[in-house]
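Subject: Structure for you to look at

Hello,

Please find the structure below, followed by notes on what turned up in it.

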Amino acid sequence: MTAATANADDAVLRTEGITKRFGGLTAVDSVDVEVHEGEIVGLIGPNGAGKSTLFNCITGTLTADEGRVTLQGQDVTDWPEYKIARAGLGRMFQETRIFGGMSVRKNLLLAAQEGGADIGGLLRRPDDSLLARTNELLEYVDLGGLAETRAGRLSFGQQKLIEFVMALMSEPELLLMDEPAGGINPSMLENLIEYIRAANDEEEATIFLIEHNMDFVMEIADRIYVLAHGERIAEGTPEEIQNDERVINAYLGRE
Amino acid sequence: MSTESDDNGLLRSVLPPERVDQLFDLCGAHGWKLILASAVVGALPPLFGLREGYMMTVISEMFLFAILALSWDIVGGQTGYPSFGNMAFFGIGAYTGAILLKDFAVSFPLAVVSAGVFATVFAAIIGLIVLRLRGHYFAIATLGVLLAAQQISRNLEITGGASGKILFDVPPGVVFYYFFLGVLVAEIIVVYYLSSTRFGFILNAIRDDEGKATAMGFNTTYYKTAAWMLAALFTGLAGGAYGLFNTFIDPQTAYNGAWNVELIAMALMGGTGTVAGPVIGAFGLHTVIEYVETAFVGWQLVMLGLAVIVTVIGFPKGVVGTLREYANEMDYYERGGMAATDAAADGSGGSDVAASTTDAADSDADTEVTRDE
Ligand SMILES: Nc1ncnc2c1ncn2[C@@H]1O[C@H](COP(=O)(O)OP(=O)(O)OP(=O)(O)O)[C@@H](O)[C@H]1O
Ligand SMILES: [Mg+2]
């Protein structure tokens, strides 16, 4: 990937010295990451390493105790969460969060950023192009028949896909995915890799993802960061990471 | 779900889910006509001689309660913030109306509109405080607001203190009948329309997962407050007319905690988060209340309690909500479930479908539009 070698100017996301403490526990310890335009970057590390917490600090769900977060050159450290999202940050949660009481279609319509928050947009009904887009995306992930079904009725894997297409619907500049492959069956995994690649290529979403499925992450990521005990212990290509002594000891283990 | 299919054997044969589904589709497709037709039917009785007396009052009250229950549901059902303090808006409206009519000799329409405005402004201020709380804390805080408002009205001179206010020059009953009907129809139109807009979706999203809604870029405080103010507007309007309708208000009747519980029961029994549910619940429960109060004197609360329990067991999501779930279940197994299973069995389905995506989307968009209008 050419983007990986580019200079700092095209960083979609940059964190500098992000630190987050929970009481005596330092969940994230002075972490720097940089994600460049067009990249798919992985974030791996043992359970409790602080990966999700780092995501939460980036999205503004949590306030970091120290450090700065920059999105496309803009310092968003002190912004409220909703405003950071509006600036083009999409997010999928580790525990999969969609709106269970609403139809699948409404979930998607809601995710579309157009229409925004102005009164006119709020009080208009979704137009045809938006409806067509929801159909297109649902067909794309093979859930076309479920548009009018209450989202809470779907299986876990289906919900995960819905959360993913919701993220696509919002056309994010940067999409944070927390374990997208968790709980997905093997044949679906192939599709998921396709989908994420397509989102990256065609929808031009830069992607930063946490994953425990090593085959998956090694295949899809251009670059990988490794976190252990809140500290960033390595950064590099999948190749480099797989052969990194510290990473093997802290996380991957030996064959 | 498995228990449902066991329990509902009879229901299934008498009223198969696909029938219910068709009914919902039909109502969905002709929603506006249905509202118009209901409004016309509601307007008929006085034209055919019902001009005063017990029935007149009871039907007017049914409209009134439907307004209150539907208002409660905007925040309690659609947005998922169950308020035990909605009657505070009603009380503010009632006192505003009564004071303006009696002490300032303002005309009835102006008094009522002012009541709605006052209640809305009050809601905006209170909302900034209580809407930060969630779940039980929100419920208790709103109850606190209701009790505080009640006590304030008891202590003030302008509200007539504990003895309240008696109102004279009461217009004929038919005025209230049409007033409550008019406000109810207006509110149904507003809520029905909003539920198909982005604003309505956002309220439902807040109900389902407020954190996720925030993470998706919605400043939820803003939408919650707007919904809360809308609820207050309609509740306040109804309250504004209530003083005259009842010819009397005091702290107990204006800020009626028991009514607040009734409103919630109405919305729950009819189906929260729906437009028809709270209205049906209000009509149904008020009818039951009127009936048991005359038929089971001394036992009315027991009978009422039984009626509520039976409804809640039979219709755990309210009448409308449960039926919709029942219909939707069929939807899922017939179309979605099958489609999803096929895809899983196939495994490679993803790319095939992706290739034919554009065509499918086009034709689907067409059907969707016709269905939506
Ligand atoms: N809100 C919180 N309050 C207190 N401690 C927390 C909180 N959130 C996370 N932690 C702690 O911070 C540490 C990092 O948690 P985090 O969820 O970020 O791990 P993770 O790397 O995402 O792990 P996993 O791979 O299991 O998802 C853990 O020890 C966790 O218990
Ligand atoms: Mg995690």
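Helices (H or I, at least four residues) and strands (E, at least two) are DSSP runs, numbered from the N terminus. This is a predicted model, in which local features need pLDDT of at least 70 and side-chain atom pairs count only at pLDDT 80 or more, while totals for chains, interfaces and linings use all residues. Residues are numbered from 1 along each chain as its sequence is written, chains are lettered from A and ligands numbered from 1 in the order in which they are written, and side-chain values use heavy atoms, with hydrogens and water left out.

A loop in chain B

B:S196 sits in the loop between helix 9 (173–194) and helix 10 (198–215) of chain B. With a relative accessibility of 17%, B:S196 counts as buried (buried means under 20% relative accessible area, exposed over 50%, partly exposed in between; 1.4 Å probe, protein chains only). A polar atom of the B:S196 side chain lies 2.8 Å from the backbone oxygen of B:Y193. Setting aside neighbours within four places in sequence, B:S196 is in contact with A:R125, A:P126 and B:F201, where contact means heavy atoms within 4.5 Å.

Chain B as a whole

Chain B has 18 helices and two strands. Of its 373 residues, 51% are buried. Among contacts in chain B between residues at least 6 apart in sequence, 80% join residues at least 24 apart.

The domain assignment of chain A gives domain 1 (1–88 + 173–193 + 206–255) and domain 2 (97–171); the bounds come from an automatic or database domain assignment. The contact between them takes 11 residues from domain 1 of chain A and 10 residues from domain 2 of chain A. Their C-alpha centres lie 26 Å apart. Between them the two domains of chain A bury about 770 Å², 66% of it on carbon and sulfur atoms (buried area is the accessible area, 1.4 Å probe, that two parts lose on being put together, summed over both). On the side of domain 1 of chain A that touches domain 2 of chain A, the elements giving two or more residues are strand 7 (174–178) and helix 7 (186–201) of chain A. Two residue pairs are in polar contact between the domains, both at pLDDT 80 or more (a pair of N or O atoms within 3.5 Å; within protein, one must be able to donate a hydrogen and the other to accept it, and residues adjacent in sequence count only if both atoms are side-chain atoms). The count of salt bridges between domain 1 and domain 2 of chain A is zero (a salt bridge is a side-chain nitrogen of Lys or Arg within 4 Å of a carboxyl oxygen of Asp or Glu).

Salt bridges

Over all chains, the structure holds 19 salt bridges. B:E325 forms one with A:R150, the closest N and O atoms being 3.0 Å apart. B:E325 lies in helix 16 (residues 318–346) of chain B and A:R150 in the loop between helix 5 and helix 6 (156–169) of chain A, so this pair joins two chains. B:E325 is buried at 14% relative accessibility, whereas A:R150 is partly exposed at 22%. A network of salt bridges links A:R150, A:R153, B:K317 and B:E325.

Within chain A, the side chains of A:E136 and A:R133 meet in a salt bridge (3.5 Å, N to O). Both residues lie in helix 5 (residues 128–140) of chain A, three residues apart, about one turn of the helix.

Eight of the nine residues of helix 1 (residues 51–59) of chain A are buried, so the helix is largely enclosed by the rest of the structure. Just after helix 1 of chain A, A:G60 takes a positive phi of about 85°.

Most residues other than glycine have a negative phi. A:E204 has a positive phi, near 55°, and lies in the loop between helix 7 and strand 8 (206–210) of chain A. A:E204 is exposed, at 60% relative accessibility. B:D169 also has a positive phi, near 50°, and is exposed at 74% relative accessibility.

Regards
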